[in-house]
Amino acid sequence: MKKITAIAALLGVSLASTAAFAEPLKIGMITTLSGGGSGLGIGARDGFMLAIEETGNKDIEVVIEDDAMKPDLAVQIADKMIQSDKVDVLTGIIWSNLAMAVVPGAVNQGLFYVSLNAGPSALAGKLCNENYFNAAWQNDNLHEAMGKHANTSGYKKTFILAPNYPAGTDALTGFKRFYEGELAGELYTKLGQSDYASEIAQIRASGADAVYFFLPGGMGIAFMKQYAQSAVDIPVMAPGFAMDQDVLGAIGESALGVFNTAQWSPDLDNDANKAFVEAFKAKYGRIPSIFASQGYDTAKLILSAAAKADVKDKDAFRAALKAADFASTRGDFRFGSNNHPIQDIYVRKVVKSDDGDLTNEVVGVAFEDHQDAYAKDCKL
């Protein structure tokens with residue numbers, strides 16, 4: 001179990017840097033820093049810590065631990081952070097099966113959980129909680145946008161596949177919610193799978209005119225490499241995080257031209273995003289990923305609430321989180337009735353930057369002010 005304790009007191013340039021917190025703020029971050037999904041967690045951590053460091057505020061402590069993609073370990077870490085470390089806020093989980101193992105117990109104990117990634121449908125709907133906020137998305141959202149884009153692109157027979165875990169079922173449910181064509185096939189693969197020869201053979205034989213896959217982290221890298229080697233000539237589409245900065249280098253040239261959907265892109269034209277991308281590249285020497293942007297925005301959200309209210313005053317801090325009074329890297333951002341974002345979802349395309357790096361650029365807008373489908377089931 002890896003553990004990092006960070007006291008934020010470095011750059012001093014953000015909104016919260018002028019605010020004196022009534023009490024020190026202690027944040028517990030449980031995220032994936034080892035194994036095939038480590039790139040996602042590392043990006044989220046780096047974006048989060050950049051925002052924390054920018055405050056220059058010595059009253060913020062962040063305790064970071066590696067969940068290694070294991071639900072049982074994530075629960076153990078959460079229990080320790082709540083009972084021994086006495087954190088005020090939890091965040092950081094990338095994977096929805098881990099979120100489902102940790103979040104309900106944490107929020108029912110009165111702790112705040114602010115998600116920087118995982119957004120399972122249950123937590124947006126019937127299991128919503130006043131202490132649970134998602135600063136990223138509800139799992140279906142990017143997939144819904146790609147279902148709509150598939151229609152616009154004229155695809156009539158799409159083959160879809162995703163891992164068999166909560167985010168995977170949400171993904172394909174979301175795609176099908178807006179896709180109007182026929183399915184050439186629908187597969188749920190093993191979480192963590194690395195060999196896709198059987199799936200690619202089924203795609204080849206399916207008569208599909210397009211493929212949509214949700215295979216985050218190392219799974220997507222393995223699939224795209226094997227798909228390119230197979231010489232199957234059927235265009236692929238993906239959610240943004242399957243074609244993001246933390247995987248593009250490993251996928252290589254076969255990613256060029258792939259359309260994907262995301263609520264953020266490094267080329268979004270707003271002041272907060274321009275400053276974030278510049279600061280991230282200066283500190284870490286790489287283009288930020290979606291996960292880095294979500295980590296950064298999540299930290300800014302928490303800091304904006306802490307600047308307005310004492311975290312020990314639950315009602316006041318909850319109201320301050322709900323207000324979402326921060327400059328988001330994605331532009332317009334607000335919470336819906338179920339504490340999940342209402343935001344634009346963009347269509348992006350993988351291109352080469354002027355420096356020769358693979359990256360994404362926005363080519364259209366799939367949804368404006370999009371809210372998830374589960375808010376109606378939330379009783380908040």
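Lys-86 sits in the loop that runs between α2 (71–83) and β4 (89–91). Its phi is near 55°, a positive value in a residue other than glycine. The model is a predicted one. In secondary structure, the protein comes to 12 helices and 14 strands. Its radius of gyration is 20 Å, close to the 21 Å given by the globule rule for 380 residues, so the protein is as compact as a globular protein of that length.

**Overall dimensions and surface**

- Taken along the principal axes, the box filled by the C-alpha atoms of the protein is roughly 60 × 45 × 40 Å.
- Of the 380 residues in the protein, 60% are buried.
- The protein exposes about 14000 Å², and 49% of this area is supplied by carbon and sulfur atoms.
- The protein has 34 positive and 46 negative charges, and the mean positions of the two sets are 3 Å apart.
- Among contacts between residues at least 6 apart in sequence, 72% join residues at least 24 apart.

**Domains**

- The domain assignment gives domain 1 as 25–137 + 268–335 and domain 2 as 140–262 + 347–370.
- The centres of domain 1 and domain 2, taken over C-alpha atoms, are separated by 26 Å.
- Contacts between the domains involve 17 residues of domain 1 and 22 residues of domain 2.

**Loop residues with positive phi**

- Lys-86 has a relative accessible area of 55% and is exposed, because the cut-off for that class is over 50%.
- Ala-231 is placed in the loop between α8 (218–230) and β10 (236–239).
- The phi of Ala-231 is near 65°, a positive value in a residue other than glycine.
- With 59% relative accessibility, Ala-231 counts as exposed.

**Buried strand residues**

- Ile-60 belongs to strand β3, which covers residues 60–66.
- The relative accessible area of Ile-60 is 1%, so Ile-60 falls under the 20% cut-off and is buried.
- Ile-60 and Ala-306 are 246 residues apart along the chain, while their C-alpha atoms are separated by 9.8 Å.
- Phe-112 is found in strand β5, residues 112–115.
- Phe-112 is buried, and its relative accessible area is 1%.
- Not counting residues up to four places away in sequence, Phe-112 touches Asp-88, Val-89, Leu-90, Asn-131, Val-311, Lys-314, Phe-317, Arg-318 and Leu-321.
- Between Phe-112 and Ile-27 there are 9.8 Å in space, C-alpha to C-alpha, and the two are 85 residues apart in sequence.

**Pro-166 in helix α6**

- Pro-166 is located in helix α6, which covers residues 166–178.
- Pro-166 has 28% relative accessibility and so counts as partly exposed, the class between the cut-offs of 20% and 50%.
- Leaving aside neighbours within four places in sequence, Pro-166 is in contact with Ser-96 and Asn-97.
- The C-alpha atoms of Pro-166 and Tyr-188 are 11 Å apart in space, and the two residues are 22 apart in sequence.

Technical notes:
Residues numbered from 1 in each chain as written. Predicted model: local features only at pLDDT ≥ 70, side-chain atom pairs only at ≥ 80, totals over all residues. Heavy atoms only, no water. Helix = DSSP H or I, 4+ residues; strand = E, 2+ residues; numbered from the N terminus. Rg over C-alpha atoms; globule rule 2.2 N^0.38 Å. Buried < 20%, exposed > 50% of the residue type's maximum accessible area, 1.4 Å probe, protein only. Contact = heavy atoms within 4.5 Å. Areas by Shrake-Rupley, 256 points an atom, 1.4 Å probe, with all protein chains shown as cover. Lys, Arg positive; Asp, Glu negative; His and termini not counted. Charge placed at Lys NZ, Arg CZ, Asp CG, Glu CD. Domains from an automatic or database assignment.
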